[in-house]
Structures are given as structure tokens and as C-alpha cells.
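Open the structure in your viewer and keep the selection panel at hand. This tour tells you what to select next and what is there.

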Amino acid sequence: MTYEEFLDEITTLLTEMYDLDDQAAIKLVVDAQANDYFVTHDDKEELRTFAQAKVEAIALYEAKQNKNETQRKQQQRQVQKKKAR
């Protein structure tokens, strides 16, 4: 599949697997692309498969969840510091 089709498949999988709306799924893919996450996939056609799209969809979603959890914990620490004063 083409690079664009590969990114479209990842976006579709994100909406189907994680019940994200189209905008949220597109944002995840566009942000990853902007951070050069898919450079290897663009260069190597053999990485642009349906199976790999699923792997990448899972990785992007889990990375986003981990980032959100880290931010939540940092905010909790800030609140606790303020209460301790």
C-alpha cells in the first residue's frame, strides 16, 4: 500500500479499536508524522502492511495514554506541593 494509504489505515484502526472520533485519530497520526515517527515506513514499502498498521495504531494510542498518565501524575504532585505549604 502507499504511504498515504498506510496512514489512513492507522487512522481507521484508531477509530475502530479505541472508539476515537476522526479528529482525535487524525491528530495522533499527524502529530506522529510531524515527529518523524513514520520516516522508516515512508522509505521501506515492506513496512506498509495491514498488520504493521495495527501495530503502529496500538503503539500510538498507548504512547498517548502514557503521556496523559504522566501529565496527570505531574499535576497531582504540583497540587500536593501546594497543599504542603
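Start with one term: buried means under 20% relative accessible area, exposed means over 50%, and partly exposed lies in between (1.4 Å probe, protein chains only). This is a predicted model, in which local features need pLDDT of at least 70, side-chain atom pairs count only at pLDDT 80 or more, and totals for chains, interfaces and linings use all residues. Residues are numbered from 1 along each chain as its sequence is written, and side-chain values use heavy atoms, with hydrogens and water left out.

**Stop 1: the aromatic cluster**

Select F6 and F38. Both F6 and F38 are buried. For F38 the relative accessibility is 1%. At 34% relative accessibility, Y37 counts as partly exposed. Together F6, Y37 and F38 form one aromatic cluster.

How many aromatic pairs does the structure hold? It holds three. Rings of Phe, Tyr and Trp (its six-membered ring) pair if their centres lie within 6.5 Å; planes under 30 degrees apart count as stacked, over 60 as edge-to-face and the rest as tilted. One of the pairs is F6 with F38, edge-to-face, at 6.3 Å centre to centre and 85° between the planes. F6 lies in helix α1 and F38 in the loop between α2 and α3 (39-43), so this pair ties together parts that are 32 residues apart in sequence. Y37 and F38 also form an edge-to-face pair, with 5.0 Å between centres and 90° between planes.

Helices here are DSSP runs (H or I, at least four residues), and strands (E) need at least two; the numbering starts at the N terminus.

**Stop 2: helix α2**

Select residues 22-34. This is α2, with 13 residues. From first C-alpha to last, α2 reaches 18 Å, close to the 18 Å expected at 1.5 Å a residue. The expected span is 1.5 Å times one less than the number of residues.

Which residues of α2 are buried? Colour A25, L28, V29 and A32. Looking down the axis of α2, these buried residues fall within an arc of 90°, so they line one face of the helix. The arc is taken over the directions from the helix axis to the C-beta atoms. What covers them includes α1 (3-18) and α4 (50-84), where contact means heavy atoms within 4.5 Å. Turn to the other side of α2: D22, Q23, K27 and A34 are exposed there.

**Stop 3: two positive phi values**

Most residues other than glycine have a negative phi. Select D19, in the loop between α1 and α2. Its phi is near 55°, a positive value. D19 is exposed, at 69% relative accessibility. Next select D36, in the loop between α2 and α3. The phi of D36 is near 60°, also positive. D36 is exposed too, at 54%.

**Stop 4: the largest pocket**

Select K27, L28, D31, A32, N35, L60, A63, K64 and K67, which line the largest pocket. Its volume is about 200 Å³. Two or more lining residues come from each of α2 and α4.

A pocket is found on a 1 Å grid over the protein atoms alone, as an open set of points with protein on both sides within 12 Å along at least five of seven lines; lining residues have an atom within 4 Å of a point. Volume is the space filled by probe spheres set on the points.

**Last stop: E5**

Select E5 in helix α1. E5 is partly exposed, with a relative accessible area of 42%. Draw a distance from its C-alpha to that of A53: 9.9 Å, across 48 residues along the chain.

How values were computed: 1 Å grid on protein atoms, 1.4 Å probe; cavity = no way out; pocket = protein on both sides within 12 Å on 5 of 7 lines; lining within 4 Å.
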